[in-house]
Amino acid sequence: MSRSIVRQSKFRHVFGQAVKTDQTYDDIRVSKVTWDSSFCAVNPKFLAVIVESSGGGAFLVLLLSKVGRVDKNYPLVIGHSGPVLDIDWCPHNDNILASCSEDTTAMVWQIPDHTPSRPISEPIVVLEGHSKRVGIIKWHPTARNILLTAGSDNLIIIWNVGTGEPLITMDDHPDLIYNVSWNYNGSLFCTTCKDRRLRVCDPRKNEVVAERLSPHEGIRPMRAIFTKEGNIFTTGFTRMSQRELGLWDPTNFEEPIALLELDTSNGVLLPFYDPDTNIVYLSGKGDSSVRYFEITEEPPYVHYISTFSSKEPQRGMGFMPKRGVDVSKCEIARLYKLHERKCEPIMMTVPRKSDLFQDDLYPDTAGPEPALEPEEWMDRRDADPLLVSMRDGYVPPKSRELKVAKKNVLDTRPATRRSMSAVDGSSLPVSRMSCLSLVLKCLLHNFVPSSPPFLTFLKKQIGLGILSCSFKNKQTKKYIITL
């Protein structure tokens, strides 16, 4: 007589449950841009969704408590001149959001704690360095103000948002970059590319330290994320267009740790990973379900747990950081499913009878304080995220302003020529050609022709007979200056 052995796991009975209808966010016109990003970003304070808009790109930012129908005149964030492709909340400041767009720029925004009375159109800083659309934007997990962008020009640029300057530019990818994922401490990141290669990059060495050709044999887009242990979880397609997931050791890319076929659907699987529980949630655009798997150190390493299914397909998905879940309900994750006209939160819960805090479900999680400053990270220091306890729940701090200290571009220029305020009668030119040359230099260096020193200078030259002046007409009072 054989006995079936059931794997022991405290997450074996995790189930998903959508919130009640009055707790959803309705009348949101989700963007129809054909780009494989999640279109949604969420943190313990705010929900941000990329929406349809005319005359450029826009996204909507709502307080989490503002459930129900969204007014059609609700103020948007409207700084981009092209469709917004990706958004990401700063892990170290719940009021800071980064966005990127088809207009080749990335922007960083300060979102107020209150509902704005008018559209937000002025970003804190605009990051300009790409020559084509920017489709990926990711904050560094542990270092303050470090932001990564990847564009269709096949460049990856890492910025210091505090100064608005690029720190590192990598051009190791010959084709379109599908996605980028930092590892747990931000020392490396992995990428997937249209050339069907999975790469592991060390940005501070500006080199690719490992790569694998065709982790999935299909030609359709792949996704890859780092796990907490340093392995890489991938989703892709087989040669027969079946969806597939894999787990890889970046120090030995020859054979996968695990490889599992799923189904024959067309949507790219977007992975959302929780490092505290080692559970990965898979959401495909156009799917009406969310699958979730637990990654362990025992074979078969990637264990299927269950599937949350609903009737309507999803246009995108947001994933709440662990700081924002409700510990009193044994909620271990919360997803925000985008429908065509609304956003629906989905709670992932472990069934427990006790109402007490469950220590085994909630280890200390990454908090809002950065572990490193930008200069320390650039000096090749690494640090894991600073952890906070979930025992008493998490209360988001008040808004903190992001200060951008841009360097004065004039400091890097050569010594400037004397301004017109330094011109007096003793230093006037003695020839017509030298006088005309000085006038042209003044105009080229943006001295305002109507400024008093400039007019005084011209009157002096006219008085000496070097220049002559005549009215163009009496109404506009414009002068014609001749030699």
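Where is the place of Asn206? Look in the loop between strand E17 (197-202) and strand E18 (207-213). Keep in mind, for this view and the others, that the model is predicted.

**View 1. Asn206 sits in a loop and has a positive phi.** Most residues other than glycine have a negative phi, and most peptide bonds are trans. As for cover, Asn206 is partly exposed, and its relative accessible area is 34%.

**View 2. Asp27 is another non-glycine residue with a positive phi.** Here phi comes out at about 60°. To find Asp27, go to the loop between strand E2 (25-26) and strand E3 (40-42). Asp27 is partly exposed, because its relative accessible area of 33% falls between the 20% limit for buried and the 50% limit for exposed.

**View 3. A cis peptide bond joins Pro299 to Pro300.** Omega for this bond is near 5°. Pro300 belongs to the loop that links strand E25 (289-295) with strand E26 (302-309).

**View 4. Strand E23 (residues 269-274) is mostly covered.** Six of its six residues are buried. In a regular strand the side chains alternate between the two faces of the sheet. On one side of E23 you'll find Leu269, Pro271 and Tyr273, and on the other Leu270, Phe272 and Asp274, with both faces covered.

**View 5. E23 teams up with strand E24 (residues 279-284) in a hairpin.** The two strands run antiparallel and are joined by six bridges. Four residues lie between the strands, and in the turn Asn278 has a positive phi of about 60°.

**View 6. The second largest pocket has a volume of about 530 Å³.** Its lining is made up of 25 residues, and the closest to the pocket's centre are Gly324, Asp326, Glu331, Arg334 and Met347. Which elements give two or more residues to this lining? They are strand E1 (15-18), strand E28 (331-338) and strand E29 (342-349). Sorted by class, the lining of the second largest pocket holds 14 nonpolar, five polar and six charged residues.

Key:
Residues are numbered from 1 along each chain as its sequence is written. This is a predicted model: local features need pLDDT of at least 70, side-chain atom pairs count only at pLDDT 80 or more; totals for chains, interfaces and linings use all residues. Side-chain values use heavy atoms; hydrogens and water are left out. Buried means under 20% relative accessible area, exposed over 50%, partly exposed in between (1.4 Å probe, protein chains only). Two strands pair if DSSP finds at least two bridges between them. On a 1 Å grid over the protein atoms alone, a cavity is a set of points where a 1.4 Å probe fits but cannot get out, and a pocket is an open set with protein on both sides within 12 Å along at least five of seven lines; lining residues have an atom within 4 Å of a point. Grid points are joined across faces, edges and corners, and a volume is the space filled by probe spheres set on the points. Ala, Val, Leu, Ile, Met, Phe, Trp, Tyr, Cys and Pro count as nonpolar, Asp, Glu, Lys and Arg as charged, and the others, Gly among them, as polar.
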